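Reader: Can you take me through this one? I'd like helix packing and the ligand site.

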Amino acid sequence: MMQTGFDIEPYLQVLTRYWGYTSFKPLQEDIIRSVAEGRDTLGLMPTGGGKSLTFQVPALTNEGICLVITPLIALMKDQVNRLNSLEIKSLAIHSGMNAEEIDNALENAIYGDYKFLYVSPERISTRIFQGKASRLNLSLVAIDEAHCISQWGYDFRPSYLKIVTLRDHISDKVPFLALTASATPQVIDDIMSKLAFREKNVLRTSFERKNISYLLRKVEDKGTYLINTLQKAKGSGIVYVRSRKRCKEVAELLVSNGINADFYHAGLSVELRDKKQSSWTTGEIRVIVSTNAFGMGIDKSEVRFVIHWDIPDSIENYFQESGRAGRDNLPASAVMLYSPADKSRLLDTIRKKFPPVEKIKDVYEAICNFLQVPLGSGKDNVFDFNMSEFVSKYRLPVIETYNSLQFLQREGYMEFTEEINNPSRVHFIVSRDDLYKFQVANESFDGFIKLLLRSYTGMFSEFVPINEETLAKKSAASRNTVYQYLVKLASFNIIRFIPGKKTALVIFTEERLMRKALLISPDNYLHVKEKYEIRLNKMIEYAESENRCRSAFLLNYFGEESDRCGICDICRERNELDLSKYEFDLILEEIKSFLSENSPDPEELVKVINHPEDKVIKVIRWLFDHNKIEQDKDYRLKWKL
Ligand code: ADP
Ligand code: MG
């Protein structure tokens, strides 16, 4: 092998200087080395494994700017804020910004000695971005949540497919680093091929979580079970449920039984969500009952339990959510509550997830009308989108509509963002001299302009986020007065003013089509449905399995072989038998095959199975306890189907 002379030392210095850590986790170092050698790299690490530093540290160690592609705007903003607070110059381009702001940001990225440019994927293929991409002095392209590129993954986003077009505009020396927490072998291959990796190069850690005991509990009355368990359990944790309504109900049930709990879902205001999340993080709230909206960006390592009241619809999701337990490497548990009715309820989600194609087309026409997009136009337009207003105006069923929109997204007609909180922004578009003349001529504005200039910097060169509330307090005026001042200054062409808003967005990625031209292709519907059913059934198989180590089951799904964990519910029961897995499986197989052709009584069975008698008896007892075998009225044994 060629000596590359790679030296980790400068990277370590950056790690310590900015983050205070003294060593890399094993895979981090491997990824950093691979990227330093200029190789396209796919890094697979479980959630919380430390993926961000694998691009952040190289970017800071080397010259140039790192382009980071990530789908969640809220998370993007969070990371950019965090980097800036470490005095690392970073900026973001996402759908909430207008053309002028995007242009500004790109110019800054080109000339302004920034280290990170975060971009949401649907911005990559826009003309404005591609036009300027070649002038970026790129050190690295990092693609976070890279599984979004795969149609076979559980979170496909068509805009990810366009990322590869970047290659036409940038130097081929710039490596791509794709990162994900969750990838089956098929998705792994897909990521590398869709990003046109120059060679296959996957670096992964084992997904094994040795400190988590996976427990499956078959219970009819989940409420009672939960109360009992949480009264005994120590420490803080998460209870995942499927619906917003149930979130609240379950939290109330816990509280009324003396358990310190609260609920969380995406229907709550951003402020309230932030507040609840931080109370839980600091330990003020012990148990948070939540939909799967909870978890993105949480950074709490001492989570002792993650309990699933409802079953998620894929192993990927289950692994990700349960994986929030025990990041501190101390013992933690991941419990799934399963009742016989769950299976049919879960299978019923297929119907809701896959509305009939005609219904999807109805939703398409409705949304185009709602946003007043005429036929043949709309491409690249960004609209504020209020889902609840939309469904109530057209009297559409919420879940079906939401899922129809997912198909329109999958098919590449439009994209949706989560709700984001955009502060108001101000940019002075006159020179300081002209501003001064204006102040002299318009005395009534003088005080307000001075206040603005005292409170914020940089407004002459770019849009700067401002807070009307703060300005109102400082000037002892009302918020509305501040707002009126801003609007007037904008109408005099002194400033550009973008009022803040909290909204989800729709981005049209194609012109509006006539209904009959609207295609929902089998690849994006039927095949997706098949894959979805397969994933769902795998999840059900996990819940119903009675003889495979839970941890091994999960790892196997991600293409990893493993020994049994010894601490899941199934292993624990077997531990009591005091048999090795090997012996147990051997005896079980022999019994099973014998019973397929014979109906012995227990005594006969013990005689024919060629193993020590006490061990065979243990296994038979275990099979009874687990409802695997039964006896007829003549005490003859039968393997239950
Ligand atoms: P991921 O994206 O893989 O889910 P993050 O990048 O968000 O994980 O990192 C999870 C946590 O691990 C963060 O708090 C981060 O600061 C921490 N971390 C990352 N690398 C190291 C390291 N080498 N030593 C100690 N902590 C680390
Ligand atoms: Mg991450």
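Author: The axes of helix α12 (residues 315–322) and helix α21 (residues 526–544) come within 8 Å of each other and cross at roughly 55°. This is a predicted model.

Reader: How are α12 and α21 oriented to each other?

Author: Oblique. Angles under 35 degrees would count as roughly parallel and 65 to 115 as roughly perpendicular, and the crossing of α12 and α21 is roughly 55°.

Reader: Which residues in α12 and α21 meet?

Author: From α12, I315, E316 and Y318; from α21, R535, K538, M539 and Y542. By class, that contact of α12 with α21 holds 4 nonpolar and 3 charged residues, with no polar ones.

Reader: Next pair. What angle do α17 and α18 pack at?

Author: About 140°, with the axes 6 Å apart. Helix α17 covers residues 432–441 and helix α18 covers residues 443–455. Roughly antiparallel needs an angle over 145 degrees, so α17 and α18 are also described as oblique to each other.

Reader: And which residues of α17 and α18 meet?

Author: L435, F438, Q439, V440 and A441 in α17 meet E443, F445, D446, I449, K450 and L453 in α18. The contact of α17 with α18 divides into 7 nonpolar, 1 polar and 3 charged residues.

Reader: Switching to the ligand. How many residues surround ligand 1?

Author: There are 14 around ligand 1, and the closest are Y21, Q28, G48, K51 and S52.

Reader: How much of ligand 1 does the protein bury?

Author: 75% of the 580 Å² that ligand 1 exposes when taken alone.

Conventions: Residues are numbered from 1 along each chain as its sequence is written. Chains are lettered from A and ligands numbered from 1 in the order in which they are written. This is a predicted model: local features need pLDDT of at least 70, side-chain atom pairs count only at pLDDT 80 or more; totals for chains, interfaces and linings use all residues. Side-chain values use heavy atoms; hydrogens and water are left out. Axes are lines fitted to C-alpha atoms, for helices over the stretch in contact, and angles run from 0 to 180 degrees between N-to-C directions. Helices (H or I, at least four residues) and strands (E, at least two) are DSSP runs, numbered from the N terminus. Contact means heavy atoms within 4.5 Å. Ala, Val, Leu, Ile, Met, Phe, Trp, Tyr, Cys and Pro count as nonpolar, Asp, Glu, Lys and Arg as charged, and the others, Gly among them, as polar. A residue is near a molecule or strand if one of its heavy atoms lies within 4 Å of it. Accessible areas come from the Shrake-Rupley method with a 1.4 Å probe; for residues, only the protein chains shown count as cover.
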